[in-house]
Structure formats: structure tokens, C-alpha cells
Amino acid sequence: MGSLIVKNIIRFLVVFLLQAFVLASFTINYPILDNTNVIIYPIIILLLPLRTPNALILLFGFTLGILLDVFYNSPGVHASATVLIAFLRPYVLSLVEPRGGYSVEASPTMREYGSTWFIMYSSILMLVHLFFLFSVQAFTFVFIVEILLKTFLSFVVSMVFILIYMYLFNPKE
């Protein structure tokens, strides 16, 4: 149990620092791709163990989001999007539940439930996160085409980074 907490704290710190100091300033200098953001920090919420209480997941989501808001200078935008996926996580987990159910001791990882399951699970939450994040940033649906374009492009790039992360580190809680 103690090692699980330490692993999640280390994951929190590494992904947070990577997002805040490296990926926040990552830009693609190509006309259509300048709308692309690389967002990987939701992986922290996605990979929390299944037995983590929902209230604690919401607290982690808020803490992570508000810390990133400081670095992105976007008061409450990342916090609201991260709390939203933290809230929706149990519903998405029940939506994509495997036939045999979940092991209470497991984390929702690629190693535990397979690539197809993980891609489906993470894609749903990442799409919701990115669409909500960019909608709140724009603060109007007048720019719906730009919001959808930015959501799609950022989703593709972010999922590639998340899958690379999963293949490199393949957390085994």
C-alpha cells in the first residue's frame, strides 16, 4: 500500500513537471497545427487505483488543475476540466467495464486490461477533458469550429504522447 502511494506521488510530480515546464511551451510551427496543445496531465487521474475514493480523486483533480493554472496563467480553466474528468471517471469505468469486471486491487492500465480497453477508456476522458478545456478557454460557442479543430488535433497528439508514456513506463500497480 505504501509503495503504491509513493508511485502515484512520483507519477504526479514527474507528469506535472513535464507538463508545466516542457509541454506548456511546446509549439508546432505549421499553419494548421499551431492550434495543437500537448496535454498529458490527465493521465494522473486516469491511472489512479480503482479503489481510490471518489472524493480523493476529485481533490487530486482540483489540486492538479489549480497548480497547472498557475503555470498556464489560466485561473480555474485546467482545474474545472480536471475536476470534470475526475467526476466522470467512475461512470466511464462502468461504461467500459470488461466482462470479468475489475479487480479491486488494480489500476486502470494497459498492462492490466489491454491496449484496446485502455485506448477506449482514456480516449473518452481525454476527449471530454480537451473539449471542455478549450470551450472554457474560448468562453463562447461562437468559435465552435476552432474549438472542435483544437480538440481533435490536441487529442491526436496528446494520445500519442500518453500511449508512448504507457509503453515506456507501463505502470504496474
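H3 covers residues 54-72 and H4 covers residues 77-95, and their axes, which come within 7 Å of each other, cross at roughly 160°. Since angles over 145 degrees count as roughly antiparallel, H3 and H4 are therefore roughly antiparallel to each other.

As for which residues make this contact, H3 contributes Asn-54, Ile-57, Leu-58, Gly-61, Phe-62, Leu-64, Gly-65, Ile-66, Leu-68, Asp-69 and Tyr-72, while from H4 come Val-77, His-78, Ala-79, Thr-82, Val-83, Ala-86, Phe-87, Arg-89 and Pro-90.

Let me turn now to the loop between H3 and H4, where we find Ser-74. Is Ser-74 buried or exposed? Its relative accessibility is 10%, and because the cut-off for buried is under 20%, Ser-74 counts as buried. For a sense of distance, take Ser-74 together with Ser-94: the two are 20 residues apart in sequence, and from C-alpha to C-alpha they lie 32 Å apart in space.

I would like to end with the confidence of the prediction, which bears on how we read everything above. The chain has a mean pLDDT of 88, with 94% of its residues reaching 70 or more. Among the elements of the chain, H4 has the highest mean pLDDT, at 96, whereas the lowest, 84, belongs to helix H1, residues 2-22.

Key
Residues are numbered from 1 along each chain as its sequence is written. This is a predicted model: local features need pLDDT of at least 70, side-chain atom pairs count only at pLDDT 80 or more; totals for chains, interfaces and linings use all residues. Side-chain values use heavy atoms; hydrogens and water are left out. Axes are lines fitted to C-alpha atoms, for helices over the stretch in contact, and angles run from 0 to 180 degrees between N-to-C directions. Helices (H or I, at least four residues) and strands (E, at least two) are DSSP runs, numbered from the N terminus. Angles under 35 degrees count as roughly parallel, over 145 as roughly antiparallel, 65 to 115 as roughly perpendicular and the rest as oblique. Contact means heavy atoms within 4.5 Å. pLDDT is the predictor's confidence in each residue, from 0 to 100. Buried means under 20% relative accessible area, exposed over 50%, partly exposed in between (1.4 Å probe, protein chains only).
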